[in-house]
Every structure is written in structure tokens, then in C-alpha cells.
Amino acid sequence: IPFLCLKKSTIPYSHSLYYHFPHSDQIECTKTNRTMLRRTLALTVARNKTVQIFRHNLPLLRRRRNFSTTGLYGIPHLKSPNGFQSFVDEAIQRSGELVSYISTKPSASEIMRAMDEISDTVCSVVDSAELCRQTHPNREFVEEADKASMKINEYLHYLNTSHDIYDAVKKAELECHMLSEETQRGIKSLRVDMERGGIHLCPEKLDRVNKLDIEISHLCRKYNENIIIDPGTVDIYPSSRFPKNLHHLVKPIYKSKPSLTKDLLGSKDTLKEKGFRITTDSRTLDSVLQLSSDDEIRKMVYIRGNSVPHANVDVLQRLISARHEQAQIMGCGSYAELAVKPNLASSPKVVMSFLLEMSKMVQEKSTEELKLLSKFKREKCGQAGGDIRPWDEAYYTTMMKSSVYKLDSSVVASYFSLSNCIEGLKVLVKSLFGVICHKIPLAPGESWDPQVLKLCLHHPNEGDLGYLYLDLYSRKGKYPGCAHFAIKGGRRISQTEYQLPIVALVCNFSGSRNPSAVRLNHWEVETLFHEFGHALHSLLSRTDYQHFSGTRTVLDFAEIPSNLFEYYAWDYRVLKTFAKHYSTGDEIPQKLVESMLGAQNMFAATGLQRQIFYALVDQTLFGEQPLPLGGSSSVVAELKRQHTNLEHVDGTHWESRFSHLLNYGAGYYSYLYAKCFAATIWKKVCKEDPLSPIAGSALRTKFLQHGGARDPSAILNDLVPDGICKYYDGGIIPDISSLCEEMEEHQ
């Protein structure tokens with residue numbers, strides 16, 4: 001969807017927004033990897049904006065809606081499941097009126113106003129339908145949202161291939177030099193994004209691009225279906241070999257076992273031996289590799305989990321080929337070039353330079369960490385234990401952290417009741433931004449679950465800033481991860497009126513539905529702060545155009561706020577303001593936080609090295625073609641040999657379950673970019689006093705309020721003038737020195 005809605009980091013099911021957990025090389029659910037499991041649906045490349053000049057009333061462009069009427073998410077149409085039909089029909093009708101207006105070639109400012117209203121109208125349907133599909137417990141609502149999503153995406157295809165719109169945008173670009181910088185940026189991005197969809201191509205090439213879009217969508221769907229259909233299984237006998245604390249993850253099975261006594265008597269009776277069937281989906285694989293003391297079980301589970309679904313080896317190769325052909329039609333040498341071009345990095349060459357620099361930076365430290373782990377294994381197993389094998393790393397890492405830091409996860413969790421953590425978020429916005437975050441009642445029909453909370457962000461001088469729904473508890477059929485969903489983007493409607501952003505923060509915390517009784521482990525706290533960083537980016541942005549609202553910016557820039565706010569989940573000065581013991585009310589002890597940090601950083605270089613490896617795989621698979629003999633698996637094996645310290649197990653093909661190759665195709669490096677930028681911002685803006693209003697003012701006025709409306713490099717250099725970015729071969733690379741210093745401090 002070139003310009004009207006969201007596209008990056010999503011699986012293109014008819015251009016709908018999906019997310020799937022990746023399955024990585026061994027446990028892939030360590031803390032480092034969990035960060036990449038998170039996704040924000042609004043983390044995409046909708047880079048448009050509309051004009052900020054409102055000298056003309058233009059009644060055609062002003063259809064105001066009354067959101068006081070009760071309906072799902074406060075949308076009047078959505079009082080019932082059938083309301084999605086009228087919602088999408090009205091959006092299409094209104095957009096059609098605006099397209100007709102645009103085709104008359106009005107002024108550049110009016111074209112942009114109309115384009116932004118189209119985008120706002122259509123994205124309201126897309127975003128609300130997606131949130132409903134992923135979280136609503138009522139099947140009728142989900143089914144109607146699915147129909148609405150399909151219908152609006154068909155209409156989006158029409159909009160994105162409209163030459164009336166394209167011609168008007170080109171005219172506007174020629175005339176916009178007297179308009180604001182933001183408007184000029186928006187008009188240019190409209191034209192560029194439409195051309196990324198192929199509208200400027202001859203009919204034959206455009207037809208082929210559209211067919212490839214359909215093929216790519218089908219392949220992405222098939223890839224994910226295969227993961228569900230064939231998660232892999234391993235049967236373990238006898239059942240006593242499997243740890244009791246993991247029995248909830250497995251299914252009991254039985255096999256016949258002849259009875260010696262009965263055989264001597266000539267009986268045909270047999271005994272039933274009990275075992276367990278382990279399904280090697282990524283979550284179960286994670287748990288078994290961390291907690292099973294049986295080397296052979298870990299080995300079997302590792303190999304099986306990294307060898308399924310075999311069908312995806314072919315699906316992935318076909319996806320790589322289809323994306324490569326599409327990129328070549330668009331005039332690019334590779335899909336990586338097409339995907340990276342709009343980003344800060346600007347080219348695969350710049351990305352690879354950054355990744356290789358990062359790989360070199362972590363190599364020595366990660367080698368030391370592996371030696372330490374190998375020594376620990378030998379101490380536990382004797383010299384016969386040997387080196388660390390791929391199925392050993394998670395188990396001995398977990399054991400060594402526990403041994404050194406004596407951490408009890410239940411003790412840590414006792415300080416992080418969900419209600420306390422929500423209060424912590426409120427403390428954060430009050431201290432940093434002077435913003436009060438308070439609970440407000442939901443109207444009948446507005447909510448989709450009784451436990452959903454609605455918060456309003458209010459500034460004493462500025463008034464209400466936006467609204468945040470919290471849907472935090474796991475339930476059957478709900479989207480399985482943690483995510484930030486956009487519902488309504490912020491935009492300026494007139495000189496005196498602003499459309500407030502509305503977002504939802506979705507998590508899956510288990511346990512009681514009483515927030516005081518739910519206690520989070522610390523990685524869940526970090527996840528909550530990460531997603532809250534995305535939410536604040538949306539809620540505090542004040543762009544004139546909804547296309548630039550909040551996280552609607554380039555991919556390798558949009559993850560910076562979420563990575564930055566993870567630091568707040570680890571800083572004792574912040575934690576002591578809300579992390580209180582659930583029964584005594586005592587503040588979390590500083591020594592406990594120091595132990596948590598020690599365990600967290602014990603194998604930090606290895607975790608970072610793993611992320612670098614994933615990003616290198618992603619860039620290489622979608623880079624120059626054809627791939628070497630042996631296809632994707634040979635690429636993975638060679639990159640693993642060059643850039644990690646663990647062996648590749650022949651016959652495994654980890655990449656067949658790594659869904660980020662779909663969602664983040666050639667963009668997985670963005671997490672590492674954001675991590676480096678966030679490290680520098682933390683060090684130079686926030687670390688001295690993380691709750692300082694001065695730091696908060698800088699974050700808000702120089703970064704968050706701009707969303708995607710300013711050039712990302714200008715935002716970064718304004719916030720941290722002294723060297724946060726490096727310029728290389730036409731692109732931008734983050735300075736890695738702050739991240740390096742963090743790793744050295746923790747040695």
C-alpha cells in the first residue's frame with residue numbers, strides 16, 4: 001500500500017496487517033529476541049502528510065463526525081458487527097468524493113488536504129478492522145472486520161493505481177515550493193510512494209508487478225500456514241526423562257511394551273509405557289532448551305524444531321525470487337535495495353557496512369562469553385562435557401545466571417504487580433512531560449472486553465493529548481504477542497482544532513484478571529515499557545497530517561522511542577518509584593536491581609551477535625541473486641560460521657520458521673539501528689537524570705512531537721547534535737560508541 005495506509009513489518013495478506021512470532025536458531029526467545037518479537041502495527045512506511053495552510057474552508061473537505069455516540073473504539077458505526085459494512089461503504093463514498101475533487105487539479109495545498117482526508121478515512125477502517133480481528137472475542141465482529149478489511153483493501157488498490165491522483169500529486173509537487181517544509185515533504189513522499197507501487201510503469205510491467213504482489217501475498221500466507229500445520233514433534237520415552245515443571249507443555253502418549261512375565265505364560269497382553277510428545281513450536285522449544293537437563297532431549301528438540309516446516313524452504317526461495325523480480329522491474333538491483341531505499345540507511349551497502357562494523361565490535365566479547373559458558377559446562381559435567389553445542393547454550397546460560405546472581409523469578413515478580421507497573425507508566429509521563437495519565441470510563445459498546453482500560457493523557461496547559469486503550473490480559477483467540485495498534489492518527493483539522501490520536505496497547509499477561517494480583521516477570525515489564533514507547537510516539541506527536549502521525553515514519557527510525565523506553569524499565573531511580581512489594585509495600589531493593597542487571601548483561605554480546613546474524617541473513621537472502629548453490633540454507637550456514645561462535649547443524653533450516661523474513665524483509669537491521677540510536681540518546685539526554693523534565697522536554701519537542709513529519713536525520717541531530725549519526729555513501733549509520741561503552745561497563 002504505497003501511501004494511503006500501513007505496509008512495512010506486516011505480512012501482506014491482501015495488504016492486511018499480520019504478525020507472527022519468529023522461530024530462531026536455538027531458543028530465539030531470550031530477552032534480546034523477545035524485543036524483536038514485539039511489533040507495532042503502526043510501525044510502517046506511510047509517509048504522507050497534508051498541507052498545514054487552511055486559508056480556505058472547502059466544505060467538500062470537511063465532514064465532521066460526532067464520536068460521542070457509543071460504538072466500538074468510540075466509532076458510531078460499530079455498535080454491532082454489521083456496522084463494519086456501513087463504515088467501509090461510507091469511507092469509500094467519502095474517498096470517492098475527494099478523488100473527484102482532486103481530479104479537478106486544485107492547488108497543491110488543497111490536494112494535500114484532500115489526500116490526507118482520504119488517508120485518514122481509509123486508515124480508520126483498516127486500523128479499527130485490524131485491531132478487531134486480532135483482539136475481539138466475538139466471532140461475528142471478527143468476521144465482519146475481516147470482510148471490511150478485504151473490501152477496503154480492494155479499494156486501496158484502486159486508489160494506488162489512480163492516474164488522476166498520481167497526475168494531481170505530480171502537479172502539486174511542481175507548485176509546492178512556497179508551502180511549508182512539512183507539506184513539501186509530504187507531497188514528495190506521495191509521489192515516491194505511488195511510484196514504489198509501480199504506477200509510473202508501462203501497462204505490461206505494472207500488470208506484472210500486480211501479479212507478483214498477489215504471488216508474494218500467497219507465499220507469505222503459505223509460509224505462515226505451514227508453520228501452524230507442521231510445528232514438528234518429538235516423542236520422549238519414558239515420561240520420567242521429562243522435567244515435571246514442563247508437563248503442561250506436552251501431551252502424554254503411550255506405546256505398547258511387552259510384559260516379560262506374561263510372555264512366559266504365553267499371554268498376548270502388553271503393558272503401556274507412558275511418554276510425552278513435545279510439539280516443537282517456538283515457545284515450547286524455548287522452554288525445553290532452557291529447562292531440560294537431558295542433553296539428548298535438548299538435541300532432538302533443537303534439531304527437529306530447526307528442521308520444520310521443510311515445505312517452507314521452497315516457499316522462501318520462491319518468495320525471494322518473486323521479490324527480486326519485482327525489484328528489478330522497479331529499476332532496483334535487488335529487493336534489499338528497493339526496501340532500504342526510503343530509510344535512513346538508503347542502500348544495502350550502507351546497511352552491510354553497519355552490520356559488519358557491529359559484528360566486529362562484539363566478536364571478542366562474545367568469544368569470551370562462550371569460553372566462560374564452556375568452562376561452566378565442564379564444571380557441571382566434568383571434562384567429558386566438552387564444548388557448548390547449539391542445544392546447550394540456552395540451558396547453561398540460564399543455569400549460570402541463576403548460579404552467579406541467585407535470582408528467584410518469583411521474588412523479582414513480587415515487586416511488579418500489573419497495577420504497580422501501570423502506575424509506573426503514569427509516573428514516567430508525569431515526571432518527563434508534565435502529563436497526567438488518568439483512567440476514564442468507557443461508554444457502553446466502546447470496549448471489546450470487560451478488562452480493557454481507557455486512559456486519557458492530559459496536559460494542564462494544553463488539554464487532552466490523546467487516548468490509550470490497554471488490553472493487557474491473555475484470552476483465547478487473541479493476538480498472541482505484545483503490540484501497539486493505531487486506531488486514529490493525529491492531524492490538524494483547522495487552525496483551532498486538532499484530531500487527537502487514539503491507540504491501543506495490547507499484551508498477553510497471564511494469571512488473575514485483578515491487576516493487583518497479576519505479577520509480571522521483568523522481561524514482561526520491559527515489554528510493557530517498550531510498547532509504551534511506541535504509544536507515546538503516537539500520542540505526543542503533533543503533526544499536521546495523519547500520514548506522519550507518531551510511528552508512521554521510516555522503518556529504521558520508528559523503533560527508537562520503544563528501545564529508549566526500555567532503559568527506564570532497568571534504571572533503579574525509575575523502578576523505585578513504582579516497584580513495590582505486593583504485600584509489604586516495600587520498594588524494590590537496589591541490590592536486587594543490580595543483580596537483575598548483572599544477569600541481563602552477562603551474555604549481552606552473544607545476544608547482540610545473534611541479532612546481527614539475523615540481520616545479515618535477511619540482507620543477504622534479499623540481496624543480489626542468485627543465491628549460492630544450496631540456496632538459503634547454505635547462506636545461513638556460512639553466515640553463522642563467519643559471524644557467530646556456534647556451529648551450524650547440517651540438515652537444519654532455521655530460516656523456514658523465521659517470519660521476520662516476511663514482515664521485515666531486508667529491514668531486520670532496523671532494530672539494531674534503533675538500539676544504537678537509543679543508546680546514544682539515553683547516554684547524552686536521559687541517563688544523568690532519567691525523570692528530569694528537562695530531558696522530557698527535549699524528547700518531546702525535538703523528537704516525539706514530530707512523528708515522521710521531519711527528516712529523521714534532522715530530528716536526531718537536533719536532539720543530540722554531537723555525532724549521533726555518521727554519513728556514509730549517501731546514507732546514515734548510527735554511532736555505535738555508546739552501545740560499545742555499555743558493553744564495556746558490564747564486563
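Which residues are buried in H19? In this predicted model, the buried residues of H19 are Ile560, Pro561, Ser562, Asn563, Leu564, Phe565, Glu566, Tyr567 and Tyr568.

## A covered helix

Helix H19 covers residues 560-568, and nine of its nine residues are buried.

Tyr568 is one of the residues with the most contacts inside the largest nonpolar core, and Phe565 is in contact with Phe433.

## The nonpolar cores

In soluble globular proteins, nonpolar side chains tend to be buried together. The largest nonpolar core of this model has 138 residues. Met358, Phe416, Phe433, Tyr568, Ile588, Ile681 and Leu716 have the most contacts inside this core. Helix H25 supplies the largest share of this core, 13 residues. Another core, of 55 residues, lies apart from it, and among its members are Ala114, Leu159, Ile187 and Met194.

Leaving aside its neighbours within four places in sequence, Phe433 is in contact with His459, Leu536, Leu540, Phe565, Gly696, Leu699, Arg700 and Leu704.

Leu719 belongs to helix H27, which runs over residues 712-719. Its relative accessible area is 7%, and because buried means under 20%, Leu719 counts as buried.

Which residues are in contact with Leu719, leaving aside its neighbours within four places in sequence? They are Ile681, Val685, Ala698, Leu699, Lys702 and Phe703. Ile681 is 38 residues away from Leu719 in sequence, yet the two C-alpha atoms are 7.9 Å apart in space.

## Helix H6

Helix H6 comprises residues 181-196.

The buried residues of H6 are Glu182, Thr183, Gly186, Ile187, Ser189, Leu190, Arg191, Asp193, Met194, Glu195 and Arg196. They pack against helix H3 (108-135), helix H4 (139-160), helix H5 (163-175) and helix H12 (335-340). Ile187 and Met194 are among the residues of the core of 55 residues. Just after H6, Gly198 takes a positive phi of about 95°.

Strand E11 contains residues 502-509, and eight of its eight residues are buried. In a regular strand the side chains alternate between the two faces of the sheet. On one side of E11 are Ile502, Ala504, Val506 and Asn508, and on the other are Val503, Leu505, Cys507 and Phe509; both faces are covered.

E11 pairs with two strands described here. Its pairing with strand E7 (residues 463-473) is parallel and extends over six bridges, with Leu468 opposite Val503. Its pairing with strand E8 (residues 483-488) is antiparallel and extends over five bridges, with Phe485 opposite Ala504.

## Backbone features in loops

One joins Val308 to Pro309, with omega near -10°, and Pro309 is found in the loop between helix H10 (295-305) and helix H11 (311-329). The other joins Gln625 to Pro626, with omega near 0°, and Pro626 is in the loop between helix H22 (604-621) and helix H23 (631-643).

Positive phi values also occur in residues other than glycine. Tyr73 has a phi of about 60° and lies in the loop between strand E1 (39-40) and helix H2 (83-102). Phi of Ala666 is near 65°, and Ala666 is in the loop between helix H24 (660-663) and helix H25 (669-686). Is Tyr73 buried or exposed? Tyr73 is buried, with a relative accessible area of 2%, and Ala666 is buried, with a value of 1%.

## Asn420

Asn420 lies in helix H16 (residues 418-433). At 17% relative accessibility, Asn420 counts as buried. Not counting residues up to four places away in sequence, Asn420 touches Tyr415, Phe578 and Lys580.

Notes
Residues numbered from 1 in each chain as written. Predicted model: local features only at pLDDT ≥ 70, side-chain atom pairs only at ≥ 80, totals over all residues. Heavy atoms only, no water. Helix = DSSP H or I, 4+ residues; strand = E, 2+ residues; numbered from the N terminus. Buried < 20%, exposed > 50% of the residue type's maximum accessible area, 1.4 Å probe, protein only. Contact = heavy atoms within 4.5 Å. Expected span 1.5 Å × (residues − 1). Pairing = 2+ DSSP bridges. Core = buried A, V, L, I, M, F, W, Y, C linked by side-chain atoms within 4.5 Å.
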